Amino acid sequence: MRAAVSSLLCLWLLAPLAAGAEIRTILSAHRDPEQVAIRGPRGMTIDPAGNLYVAAQMSSNLVKIAPDGTITELLGPEGDGQGHKLGRPRNVVRDKKGNLYVTGEWSMNAFRVSPDGKQITQIIGPEGDGQGHLLKRPVWVTLDKHENVFVAGQNTNNVFRITPKGVITQLIDVTGDGEHAFRRPTGMVTDDAGNLYVVAAKTANAFKITPKGEITQIVDRSGAGKGKALKFANGIALDRDGNVIITGNNSANVLKIAPDGTVTEIMGPEFEGRVTSACSAVATDKKGNVFITKLGTQGAFRIAPDGSVSRIIDTNGDGKGETLKAARGVMVDSKGRVYIAGAGSQNIFRIDPPFGPPPPAPKAAKTPVPKQEETPEVSAEPASTLP
């Protein structure tokens with residue numbers, strides 16, 4: 001583990017917005033390169049004390065960012081030190097005891113990490129359940145209220161449940177519900193009843209899996225119909241009313257699936273008269289807001305309960321020189337503050353409500369123009385073409 005405090009590591013910069021919102025830089029791209037490496041931040045979770053935990057895909061580590069700016073590496077590429085390495089993590093979740101769970105996409109495994117990082121245990125490896133059901137390229141992990149851990153294998157087209165006692169069971173495979181296939185899972189979420197919802201990119205659909213193992217497809221590539229298809233389904237979340245929210249990466253839209261099965265498009269490809277693209281991560285808050293990131297526009301949006309859509313951050317980032325690129329992670333804390341991870345810009349922002357328009361880019365300093373003496377006209381050419 002490594003820890004460091006630096007004014008360049010976590011600047012917690014503040015930029016006021018017109019409507020009263022605030023954008024803070026939690027992790028700066030301009031931090032000391034000699035400190036803990038954090039490259040490609042994506043998945044995030046937070047604890048009651050305000051410590052932020054980040055899965056950094058490109059540096060293959062799990063780090064903790066304390067409110068005072070201290071950064072601690074809890075898990076690095078070496079993994080548990082017992083031969084089980086960590087490669088390219090995308091997602092991290094936290095249980096009630098403070099333990100963290102992270103998947104290694106390239107190392108084809110998942111770990112449980114104690115809050116202090118001293119106890120590291122591989123809970124599933126490439127052998128999957130050991131019964132012939134393998135695990136390849138796990139990109140997502142989630143928990144239910146009983147602290148069962150769910151891990152999705154992207155290349156093996158399956159999902160495993162790991163109980164607190166370590167019992168591993170495959171819940172779904174490429175056959176889906178027996179009628180509709182299930183290929184390339186990219187996200188999962190659970191509800192209070194213990195139901196698991198999982199979205200699949202390649203088959204552009206999503207399934208509900210009950211605690212008893214009953215599998216039902218809840219949306220397919222037709223999406224909301226009438227030209228509102230779902231293409232390369234990506235992120236998934238639940239809102240306060242039990243609606244399932246799904247982002248379509250290639251369809252550049254956001255769908256809501258109600259408990260009764262009604263499918264509605266709540267955000268389409270167009271915003272302010274322009275076509276946007278690549279809806280990616282999604283999160284919700286207690287007030288009914290939906291927050292999504294869009295890679296094509298390098299920013300994040302809020303979909304309010306009344307259906308209105310507004311941009312909350314763009315490429316200008318905090319408006320003070322800390323820009324945003326490839327926003328691939330979004331999370332909301334208990335206070336309704338939104339965290340955006342810039343995987344391409346190597347930074348993390350926090351946006352505090354009430355939400356307003358993004359700040360403009362910082363103005364460039366004006367360079368004084370030296371006064372020149374007038375010269376006689378020497379050419380019939382217009383003055384604008386003279387040297």
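Of the contacts in the chain with a separation of 6 or more, 46% are formed by residues 24 or more positions apart, a contact being counted where heavy atoms lie within 4.5 Å. The model is a predicted one, in which local features need pLDDT of at least 70 and side-chain atom pairs count only at pLDDT 80 or more, whereas totals for chains, interfaces and linings use all residues. Residues are numbered from 1 along each chain as its sequence is written, and side-chain values use heavy atoms, with hydrogens and water left out.

The secondary structure of the chain comprises 0 helices and 32 strands, where helices (H or I, at least four residues) and strands (E, at least two) are DSSP runs numbered from the N terminus. Of the 387 residues, 55% are buried; the term buried denotes a relative accessible area under 20%, exposed one over 50%, and partly exposed the range in between (1.4 Å probe, protein chains only). The chain exposes about 18,000 Å², of which carbon and sulfur atoms supply 49%, with accessible areas taken from the Shrake-Rupley method with a 1.4 Å probe and, for residues, only the protein chains shown counting as cover.

The structure holds 7 salt bridges, each defined by a side-chain nitrogen of Lys or Arg within 4 Å of a carboxyl oxygen of Asp or Glu. Among them, the side chains of Glu22 and Arg24 are paired at 3.2 Å, N to O, with Glu22 partly exposed at a relative accessible area of 25%. The side chain of Arg24 also meets that of Asp352, at 3.5 Å, N to O. This second pair links distant parts of the chain, since Arg24 belongs to strand 3 (residues 22-27) and Asp352 to strand 32 (residues 347-352), 328 residues apart. Asp352 is buried, with a relative accessible area of 9%. A network of salt bridges links Glu22, Arg24, Arg350 and Asp352. A further salt bridge joins the side chains of Asp333 and Arg337 at 2.8 Å, N to O, and Asp333 counts as buried at 8% relative accessibility.

As regards backbone geometry, most residues other than glycine have a negative phi, and most peptide bonds are trans. Ala252, although not a glycine, has a positive phi of about 50 degrees; this residue is found in the loop between strand 21 (244-248) and strand 22 (253-257), and is buried, with a relative accessible area of 4%. Ala326 likewise has a positive phi, near 50 degrees, and is found in the loop between strand 29 (309-313) and strand 30 (327-332). The peptide bond from Pro353 to Pro354 is cis, with omega near 0 degrees, and Pro354 is found in the segment after strand 32.

Lys228 is found in the loop between strand 19 (215-219) and strand 20 (233-238) and is partly exposed, with a relative accessible area of 34%. When residues up to four places away in sequence are not counted, Lys228 touches Ser222, Gly223, Asn253, Leu255 and Glu265. Lys228 and Val254, 26 residues apart in sequence, are separated by 9.5 Å in space, C-alpha to C-alpha.
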